[in-house]
Amino acid sequence: MPKQAWSLRILHALAFAQVFACSRMQLPAPPSRPAVQVDVISVGAGDAILVSSPTGKHLLIDGGDSEAAPAVLAALRQRSACPLDMILLTHRHADHLGGLKRVVENCGAKLFMDSGFAHDSTVYAHLLDALEKHHVPLRQAELGRQIELGGGALLTLLGPPHPFIEKSVDIVNANSVVSRLEIGRTSMLFAGDAEAQAEKRLLDSNTAVRSTVLKVGHHGSRTSSTAEFLRAVSPRLAVVSNAAGDSKHPHPDTLVRLKQTRVVETALEGTIHLDLDGETVTFRTEQHPEKRGP
Amino acid sequence: MKHGSVLLFVDAVEDEDAWILIGDARHRVARAILPPGAGEGAWLRLSIDDPPPEVRDLQGRRAQLMQGDPGGKIKL
């Protein structure tokens, strides 16, 4: 081959390499939409859920029982969530509020919100002690109130029921704060420990409950998550916060009603991390750290 | 405040559990709820009592903390 032809070949090769390199550099990055991150923290029997907005605001829904405080605090620190922008207590049972005193003392909070439904235990008294000591203002959780988390994420309170449910075997659960998080076309319903009566109230009032993800009410108890309610919510993913070895949470009847929905449990998976980016929901867990869709 | 009460019999104590009889019905409870000195064969009276001082007026304390709540939408 003549020397000139070799030179041409080398020039062509160089030009191709340059074009290839440029085209590689110009490849569009995969779309990265700002997401709300929801951590359903593994706290055994109880609930503790951290919601982190695209603008870095942090809301903790419940704090597990007193023994769960170290796990909750570790999860908050992992997200650099201290001090919290808000704590929302769904109801005053100890498996939802017991860890909050230590959260207030060791992480801090700018606002605290609960409903006025009385259940005057020493655990709640000790939480009030901490709120008073650290000058944390209290906000009333009431039906319809909204909390802007930033980056287009909005939490709307769908409960406690108004007026309060007065006749129920488990009246504290019946008056749980229920809330719905929405960002773009993705959403998550936090059912607290609401049971059938509260669910019926929501359906009777034509409240918009349809959600991409459901934090299943009352740890999956038999008396929550009626077929009618699940039909209205139509979740693609159901998350249960529960303790290992508890055969009633979730109850087998509840799992039958959820048979069309993928169910993940903290008892089996550890802490469950969800990303809601307005278009899609993905999740990973301590046991299965690879991202998955529902 | 006076209310009715229930008489219980401590039937058995096993590890962390206690078995109590209410009439003929046997129920398992945590041993930790037994009052000091109560072992197998003890009779207990369970009654509704007044709340202890530390939980009195919790709603009033809560209302104090809630002063300044403007209501409406909250922006974090």
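In the hairpin of β2(A) and β3(A), 5 residues lie between the strands, and Gly56(A) there takes a positive phi near 85°. This is a predicted model: local features need pLDDT of at least 70, side-chain atom pairs count only at pLDDT 80 or more, and totals for chains, interfaces and linings use all residues. Residues are numbered from 1 along each chain as its sequence is written, chains are lettered from A and ligands numbered from 1 in the order in which they are written, and side-chain values use heavy atoms, with hydrogens and water left out.

Helices (H or I, at least four residues) and strands (E, at least two) are DSSP runs, numbered from the N terminus. Two strands pair if DSSP finds at least two bridges between them. Buried means under 20% relative accessible area, exposed means over 50%, and partly exposed is in between (1.4 Å probe, protein chains only).

**Strands around β3(A)**

- Strand β2 (residues 49–52) of chain A pairs with β3(A) in the antiparallel sense, over 4 bridges. Leu50(A) has Leu60(A) as its bridge partner in β3(A).
- β3(A) also pairs with strand β4 (residues 86–88) of chain A, in the parallel sense over 3 bridges. Here Leu59(A) has Met86(A) as its bridge partner in β4(A).
- Strand β3 (residues 58–61) of chain A is covered on both faces. His58(A) and Leu60(A) are buried on one side, Leu59(A) and Ile61(A) on the other.

**A sheet across two chains**

- An open sheet of 8 strands runs in the order β13(A)-β12(A)-β11(A)-β10(A)-β9(A)-β8(A)-β7(A)-β5(B), with mixed pairing.
- Its edges are β13 (262–265) of chain A and β5 (74–75) of chain B; each has a single partner strand, so one side of each lacks a neighbour in the sheet.
- Within this order, strand β7 (residues 146–150) of chain A pairs with strand β8 (residues 153–157) of chain A, antiparallel and over 4 bridges. Gly150(A) finds its bridge partner in Ala153(A) of β8(A).

**Salt bridges**

- Side chains of opposite charge can pair when their charged atoms come close. A salt bridge is a side-chain nitrogen of Lys or Arg within 4 Å of a carboxyl oxygen of Asp or Glu. The structure holds 19 of them over all chains.
- Asp129(A) and Arg61(B) form one, with the closest N and O atoms 2.5 Å apart. Asp129(A) is in helix α5 (residues 122–133) of chain A and Arg61(B) in helix α1 (residues 58–66) of chain B, so the pair joins two chains. Asp129(A) is partly exposed at 35% relative accessibility, whereas Arg61(B) is buried at 18%.
- Asp11(B) and Arg26(B) meet in another, at 2.9 Å from N to O. Asp11(B) belongs to strand β1 and Arg26(B) to strand β3 of chain B, so the pair ties together parts that are 15 residues apart in sequence.
- Asp204(A) bridges to Lys200(A), with the closest N and O atoms 2.8 Å apart. Both sit in helix α7 (residues 196–204) of chain A, 4 residues apart, about one turn of the helix.
- A network of salt bridges links Arg92(A), Asp114(A), Asp120(A) and Arg62(B).

- Most residues other than glycine have a negative phi, and most peptide bonds are trans.
- Ser80(A) has a positive phi near 50°. It lies in the loop between α2 and β4 of chain A and is exposed, at 60% relative accessible area.
- Ser225(A) also has a positive phi, of about 55°. Ser225(A) lies in the loop between β11 (213–215) and α8 (227–233) of chain A, but is buried at 1%.
- A cis peptide bond joins Cys82(A) and Pro83(A), with omega about -10°. Pro83(A) is in the loop between α2 (69–78) and β4 of chain A.
- The bond from Gly159(A) to Pro160(A) is also cis, with omega near 20°. Pro160(A) is in the loop between β8 and α6 (171–174) of chain A.

**A distance within chain A**

- Thr285(A), in strand β15 (residues 281–285) of chain A, is buried at 2% relative accessible area. Its C-alpha atom is separated by 35 Å from that of Ser168(A), 117 residues apart along the chain.
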